[in-house]
Structure formats: structure tokens, C-alpha cells
Amino acid sequence: MTAALVGFAVVLALVLVRVPIAFAMGIVGTIGYFVETERWTGTISMVSRLILDTAQDYGLSVVPLFILMGLFVNKGGLSRELYQVSYAFLGHLKGGLAMATILACGLFSAICGSSLATAATMSKVAMPQMRRYGYDDRLSTASIAAGGTLGILIPPSVILVIYGLMTETSIGALFIAGIVPGLMGILFYLGAVRFTVARNPASGPAGERTPWPARGRALAAVWAVLLLFFLVIGGLYGALDVWPLYLTFSPTEAAGMGATGAFLIALARGTLDVRGLFEVLRDTATTSAGLFAVLIGAAVFSNFVNVAGLPDALLALVQAYAISPYAVLLGVLLVYVALGCVFESLSMLLLTVPIFFPLVVSLGFDPVWFGIVVVVVVEISLITPPVGLNVFILKGVVGDVSTGTIFRGVTPFWAADILRLAILVLVPGLVMFLPNTMGP
Amino acid sequence: MTLAKALPRVSRALAFVPALVAAVSLFALMLMTFADVVLRSALDAPLPWATEMTRILMAVSIFSAMPALSASGRHIAVDLTDPLFGPWATRIRELLVNVGCGALLLWPAERAVVLARRSLSYGDVTEYLRIPQYWPEIFIALACYVAGAALIARGFLALLAPRALSAAEPEGGLG
């Protein structure tokens with residue numbers, strides 16, 4: 001156990017001196033595995049085997065395909081229409097543009113599995129509008145940064161896919177389980193906007209009211225997005241296994257169908273030429289390569305942690321001191337929040353799940369529920385100082401707003417997230433209701 | 001021509017072919033998955049070899065992009081402590097980190113070649129198309145070699161020609 005904890009500390013130290021996270025985990029995992037097994041050839045063979053096997057793991061093919069789907073959707077310009085339809089229904093309220101941003105982020109998340117992509121995309125669409133109506137920078141940037149976090153919870157979600165593959169938990173069940181907490185996220189963030197404008201009405205003036213016919217037209221314009229969502233999620237969960245379709249997908253197939261659908265939408269809208277297609281494919285491959293490098297590094301580190309016996313030692317410790325399961329869970333969640341100050345979401349998940357998952361499941365918690373709770377905590381880390389990646393993405397896109405301003409604006413949203421987390425922990429049925437009733 | 005002008009051109013030229021391979025294999029993967037589902041649902045005639053081709057196309061796509069990812073310094077990293085490093089400390093840190101990571105990548109790359117050759121000697125082939133398992137494995141091993149070499153080159157460029165290096169880097173980070 002000591003060796004694993006030292007390894008954990010060294011990974012943290014290496015990451016802080018800017019060693020890429022994949023290499024930090026891979027190097028420490030390799031050395032640690034060698035120290036534990038005292039076999040050098042066996043250690044290097046283990047690393048090489050992991051590289052070869054991870055690169056050809058059928059289950060992981062879902063990762064590049066979902067990323068591809070998100071980038072095609074982005075290229076198709078659908079984000080603007082999602083914002084317009086959200087604005088049509090909410091824009092006339094106080095803080096309505098910020099609310100529309102939250103709703104549009106939630107809708108965009110339903111076709112994009114990445115929080116960073118959601119925040120980056122929506123900032124380009126929503127920020128100019130909110131500036132035009134004189135919104136306080138704190139509210140406008142915070143609503144985008146917080147809304148963007150929904151990307152990894154509302155299905156399809158790349159993070160949930162990877163959690164499912166790592167823990168052999170049903171990806172379909174995880175996706176369905178993410179829906180209610182995702183909707184709660186939207187509602188709570190809308191509440192955070194109301195709270196902000198109630199305290200300072202000038203921060204979010206109301207926009208113009210959209211007449212009902214125009215609302216109908218705006219809604220009709222996003223049919224393709226809704227169709228794509230139902231194709232992917234419906235097919236994955238067997239809801240399309242009816243005459244005359246008979247469509248059921250594995251996660252990889254759902255991602256492939258989603259990516260092809262998004263490609264066809266972008267093509268039909270005339271927003272995709274050969275150069276654009278090449279750029280989307282190249283960017284997807286590059287982003288996926290970065291994620292695969294982290295996956296491989298984490299797998300090496302996970303093997304070291306397992307031969308060092310950390311999960312078993314933690315369980316023995318909990319049993320020896322008769323610590324209550326909820327106290328353990330609280331400890332685990334606090335570790336996540338602390339790690340979120342340094343690590344980005346995927347690395348944090350990969351580094352910790354091999355350690356905490358066996359412990360939490362052996363204490364009687366449901367793997368699907370734990371996956372959702374972990375992703376909600378990861379969402380919180382995306383807007384928590386000092387790292388809060390979504391905040392930095394926004395800073396990069398918007399430019400003339402300080403990160404301090406964004407972090408100050410994000411505080412009510414962060415509090416809403418903590419409240420949501422507490423509810424999901426105390427009422428697990430909110431997460432498990434849909435997977436239990438719709439279970440295949 | 002100065003290094004600062006030449007390096008972006010050279011890096012773009014070197015990156016184009018692997019990027020094209022990555023793009024074509026990813027596009028083929030997407031279309032093949034679509035065709036497999038449609039053929040299975042509509043004609044009850046799925047592509048039996050789709051699973052093995054998925055694995056190969058994914059490996060080719062991901063590992064074609066790996067050297068460019070390494071060369072451009074776009075591996076996921078935390079930049080929290082960047083303000084603590086002055087210009088020279090940054091150069092030395094970049095040298096140590098990149099050369100260290102690149103050199104350490106060569107070990108598993110070398111071992112992956114051994115494992116690939118072992119697959120060849122055992123006659124391992126895929127189930128339907130009977131593609132030798134050696135091919136994707138040796139491709140991955142070679143990509144690791146190139147990625148390692150790219151990291152080492154990046155480390156030395158960061159020390160000796162940091163301006164040329166930043167001029168050659170693409171805009172934006174990993175999404």
C-alpha cells in the first residue's frame with residue numbers, strides 16, 4: 001500500500017512540472033510494477049502488450065466515433081440553432097439569455113460527449129448575444145462554463161463510456177442513468193441564474209419576447225438534432241427495435257450511426273467541404289490519440305496499483321476500523337474534489353477508478369450510481385478553482401475576461417452543483433429509477 | 001531561409017501523410033460501422049469482418065496521429081506551474097520532459113516489435129479476413145518509435161530554437 005501511495009504522490013509531482021499526464025502515470029506505473037515484481041522484461045512486455053491491446057480494443061472504438069459525431073455537429077452549425085430555440089422560449093425572462101445558454105448547452109450535450117467542446121462551442125454562439133444585451137461578464141461567462149459541464153453527463157458521454165469499459169458496467173445503463181441528473185443540472189443552473197439576477201437585476205436584463213409562430217419555427221429547425229439523439233440513445237437502449245426498423249446498437253455502432261448521421265446533416269446543410277471534412281477527421285484522430293495515450297498510461301498505473309495491493313489494503317482498512325459506507329463515500333468524493341484542482345476530468349477518472357471502484361462496490365453501492373456520482377463530481381471540478389478547465393477554455397475563447405471574474409460568477413452554479421450532488425447521494429433512486437424501469 | 005521559417009513548412013509536410021492516413025481510416029471506420037448496422041437491420045446480412053476491421057482501422061487512425069500529437073506538444077498536461085518557470089527554466093524543463101518521455105517510449109516500442117514478430121512466427125491472423133496480426137502490431141510499434149523520436153527532437157528544439165518550435169506549432173490545444 002505504501003508503494004502505491006508513494007507512486008500516487010510521484011505522479012502528482014511529475015504532473016505539476018508539466019510532464020504529460022499519460023507519461024507521468026506510465027513512467028510511475030512501469031517503475032512501480034518493476035519494483036513490485038522484480039522482473040524487467042515482464043514489466044516492459046506488460047507495457048507493450050497494453051499499448052498493442054488498447055490500440056485495438058473494440059470497445060474503445062466508441063471514443064473516436066463519439067468525438068467525430070460532436071465535431072460534425074459543430075461543423076454543421078447546429079449549436080447556433082440550439083441557442084436560437086432556447087432563446088425563443090426563455091430569452092424574454094430576466095437573465096433569459098443566460099438561461100437560454102444553459103438550455104442550449106444541455107441540448108448540445110445530448111449530441112456531444114465532451115464538456116470542453118460544449119463550452120468552447122457555446123461560448124462562440126452565446127457570448128456575443130449576451131454582450132449585445134449588456135449582460136454582466138460574470139453571469140454570461142459563468143453560465144457558459146457551468147452549462148458546458150453538462151456535456152459529460154447528458155448522454156452520449158465519452159467519460160461514461162470509458163467508466164463503463166473500465167468497470168465492465170453497462171454503457172446503456174450509464175447513459176440512461178445520466179438523464180435525470182443531467183436534467184436536474186439544467187434546472188439547478190437555471191435556478192442559479194435566477195438567484196444571480198434576483199441579487200443584481202442589472203446583471204441579466206430581459207431580451208425581446210419571441211412570438212409563438214417564431215418559436216414553432218425555431219423548434220422545427222432543430223429536428224435533426226432531436227432525431228440524432230433519439231437514433232443514438234434509442235438504438236443503444238433497444239427502443240428502435242420495432243417494426244419496420246429493428247435497430248439495436250452496441251455502443252460502437254451507436255457512435256458510428258451518430259457520427260454518420262451528423263456527417264450527413266453537415267453535408268446536407270452545405271457546411272462541409274473536402275477540406276473541412278479532412279480537418280474534422282484529423283482533429284478527431286489527434287484528440288483521440290491524446291485520450292488513448294492517457295488510457296494506456298492509466299492502464300499501466302492501474303496494474304501497478306493492483307500488484308501493490310492498494311484496493312485490497314483500503315478495503316481491509318475500512319473493515320478493520322468499521323468505517324460506515326457513507327463516511328467512506330464522503331472521503332472518496334472529497335479526494336475527487338481535491339484532485340479536480342490539478343487533474344483534468346478523464347485523467348482523474350482513470351487514475352482513481354481502479355482504486356476506489358472495488359472499495360465502493362464492495363461496500364454495497366451500485367456501480368451505475370457510483371459512475372454517475374463520480375461524473376457529477378468531475379463536472380464540479382471543471383468549474384472549481386484553481387484549474388477549472390471549462391473556465392480556462394472560456395478564457396481562451398472570450399479573451400478579454402479574467403479567470404477571476406469567471407470564477408466569481410460561477411460560484412452560484414458551483415453551489416447548485418454541490419446541492420445536486422448531495423441530493424443524488426442521499427436519494428440514489430433519482431439516478432437508478434430510469435435504468436431500473438427501462439432495463440433491457 | 002531561417003529555421004523559424006523552414007520548420008513550420010517541414011513539420012506541415014511531414015505531418016500531412018500520417019494525418020491523411022488517420023483521416024481516411026477513421027472515415028472508413030465510420031462508414032463501415034454504418035453499413036454493418038444498415039445491412040444487418042435491412043437485409044439481415046451484417047459484415048462478419050466488421051469487428052476485426054474496426055480494431056485495425058482504429059489502431060491505424062489513432063497511431064497515425066500519435067507522432068504529430070507528440071511533435072506538436074499537444075499531449076494532455078497541466079500548466080498550473082508555468083508562471084513559476086522563467087524562459088531558461090522553461091527551456092530546460094521542456095528538454096528534460098520531452099527527451100525523458102521520448103527515450104522512455106523507445107523501450108516499449110522495441111518490445112512491441114518483439115511481440116509483433118512473435119505474432120508473425122505463431123501465424124496469428126484475424127478470424128475472417130485472415131489479416132496477419134503482425135501488421136497492425138508492427139505499425140503501432142513503429143508509430144511509437146516515431147512518436148518517441150519526435151518527442152526527443154521537440155526537447156532539443158525547445159532548448160536550442162524555441163521560437164522556431166512555437167512557430168511550427170498548430171493553434172489551439174487538445175479539445
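This is a predicted model: local features need pLDDT of at least 70, side-chain atom pairs count only at pLDDT 80 or more; totals for chains, interfaces and linings use all residues.

**Cysteines and aromatic rings**

Analyst: Happy to! Residues are numbered from 1 along each chain as its sequence is written, chains are lettered from A and ligands numbered from 1 in the order in which they are written, and side-chain values use heavy atoms, leaving out hydrogens and water.

User: How do you know that C144(B) is in no disulfide?

Analyst: The nearest cysteine sulfur, that of C101(B), is 13 Å away.

User: What makes C144(B) count as buried?

Analyst: Its relative accessibility is 5%, and buried means under 20% relative accessible area, exposed over 50%, partly exposed in between (1.4 Å probe, protein chains only). C144(B) is therefore buried.

User: Why is W212(A) called exposed?

Analyst: Because its relative accessible area is 61%, W212(A) is exposed. F89(A), at 29%, is partly exposed.

User: Why is the pair of F263(A) and F27(B) called edge-to-face?

Analyst: Ring centres of Phe, Tyr and Trp (its six-membered ring) must lie within 6.5 Å to pair; planes under 30 degrees apart count as stacked, over 60 as edge-to-face and the rest as tilted. Here the centres are 5.3 Å apart and the planes at 75°, so the pair is edge-to-face. The pair crosses between chains, from helix α14 of chain A to helix α1 of chain B.

Conventions: A disulfide is a pair of cysteine sulfur atoms within 2.5 Å. Helices (H or I, at least four residues) and strands (E, at least two) are DSSP runs, numbered from the N terminus.
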